[in-house]
Amino acid sequence: MNKFDVAIIGGGILGTSISYWISALYDLKICVIEKESDVAMHASSRNTGVVHSPFYLNPTTKKILAKSALISYDMWENLAMKRSIPWKKTGVLELALDEDQHKSLEDYMKWGIENGLSEQDLELLTDDEVSKKERNVKCHSAIYCKKEVSTDFGAFTREIKNESEKNGTKFLFGNKANLIEEKKDNSIIILDNKSEISSKLVINCAGGNSLDVAKQFGLAKQYSDLHFRGEYWVADSKYSDLVKTTIYTVAEFKGYPFLDPHWIKKADGTSEIGPNAVPIPSPDTYSGYIGNLSTSISKLKEIVTGNAIKLLSDPEFLSLLSKEWLSSISKTAMIHRVQKFIPKIRPEYFSKRGTAGIRTPLITPEGRFLPDVLELANSSSFHIINYNSPGATGAPAYSAFVVKKIQDEGLLDFTKKVKRSIWNFDDVLNQA
Ligand SMILES: Cc1cc2nc3c(=O)[nH]c(=O)nc-3n(C[C@H](O)[C@H](O)[C@H](O)COP(=O)(O)OP(=O)(O)OC[C@H]3O[C@@H](n4cnc5c(N)ncnc54)[C@H](O)[C@@H]3O)c2cc1C
């Protein structure tokens, strides 16, 4: 049996970054168990690719994500410059389409400052000022934030994996952690090929499967989850400069963790619209559905349990789903949503689908979406669940905070041996 001090389940941007920090601080036997053939094959590559500035995140309910995003910006920028990873400063316009949404923008201006952005980073613009900047955009008002960047989070994750490997981490690709048995001094992880790994500490970063993994440790039993596919359409090259800035709008359904489809300037110069949020049965369903919306919902009700069923019976949520569903089966329906703020856009400008990604939000016992990350620990394991957008942006700082918490829990009780590396652990913690 292979024996490790630390086994991390999941080689997305989060698990890979945590492996990097632990390997940079200690000389330990560390492995990352990843079911795919490389790091970042799921959400960590299949996302919008935007390094977000946290002005739109409520500092009370999304404190961890906001702080992590703020601190990580410079860390990503430095790494991008050193390793030639795409870093395209697109800026973002966050639009209000009416007076009610404008009130949200006023909140965002305050939240941005509370979250640590400077006043120079954010400008509140009238519709005329927006038209001068982007003549094809129509709105009531907008926030312009210049500190918004398009990048390739998959490339970042592969770079961090290389750093972690240099420090001795073993990446065990093509291995799915199927069953976990907790013993007195270690855990036994049984892989899908029936081989076993023993580890003193297990860190669960399994993304769309992280709730299932936590439940194997007897944790998070009161929570449920649902999986949503986010789909995109790519603008044909002659229309990709119709708008030169990335455009988001204030979300129509505020209580839910989905943003309405936006116009994204990608790091490679292309432009896309998306994502929507289509309910699907598993974190790997990248294409297809289960029938139409109503059969899909009743199938989902058979698959999911507890709190998720409550949510699937909420009329407001069902109204959101029907809109998202329609924009999945009909390109025209997705374009209609974007035409509200880019009236010139036409379905025939988009002939190719982009890369879809899957989000797995957590549902509380009251049948509501949990807004921030959920961290749970016991004597031999640490779990990160509900690590959703802007999780890729915040990964370098957030993973350092997690390692500090694991230390504070007494789960990393080993002698330190700090190595020179791309980022400095204490610098990150001092900014928190
Ligand atoms: C459509 C979409 C758009 C987004 N846009 C942005 C954006 O613009 N900016 C931003 O900052 N964030 C964005 N996000 C959020 C961001 O991508 C995620 O927060 C982040 O990638 C989560 O990283 P992760 O490592 O936790 O999960 P993942 O990348 O999903 O990694 C989890 C890994 O665990 C592996 N795994 C699961 N179960 C097991 C098992 N049992 N055994 C072994 N391996 C296992 C999986 O194969 C996977 O590789 C977006 C997400 C989506 C889906």
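Mentor: A polar contact is a pair of N or O atoms within 3.5 Å. Here, a polar side-chain atom of N47 lies 3.2 Å from an oxygen atom of the ligand. For E34, a polar side-chain atom is 2.7 Å from a ligand oxygen, and A43 places a backbone N or O atom 3.2 Å from one. Remember that this is a predicted model: local features need pLDDT of at least 70, side-chain atom pairs count only at pLDDT 80 or more, and totals for chains, interfaces and linings use all residues. Residues are numbered from 1 along each chain as its sequence is written, and side-chain values use heavy atoms, with hydrogens and water left out.

Trainee: Which residues around the ligand come nearest?

Mentor: A residue counts as near if one of its heavy atoms lies within 4 Å. Of 38 such residues, E34, S44, V50, N209 and T393 come nearest.

Trainee: And which residues touch the most other members of the largest nonpolar core?

Mentor: A nonpolar core joins buried (under 20% relative accessible area, 1.4 Å probe, protein chains only) Ala, Val, Leu, Ile, Met, Phe, Trp, Tyr and Cys residues through side-chain atoms within 4.5 Å. In this 72-residue core, they are I18, I22, W76, I203 and I384. A second, separate core of 24 residues includes L172, I180, A214 and Y223.

Trainee: What is I384 in contact with?

Mentor: Contact means heavy atoms within 4.5 Å. Leaving aside neighbours within four places in sequence, the partners of I384 include L14, I18, I203, Y398 and V402.

Note on methods. Buried means under 20% relative accessible area, exposed over 50%, partly exposed in between (1.4 Å probe, protein chains only). A polar contact is a pair of N or O atoms within 3.5 Å; within protein, one must be able to donate a hydrogen and the other to accept it, and residues adjacent in sequence count only if both atoms are side-chain atoms.
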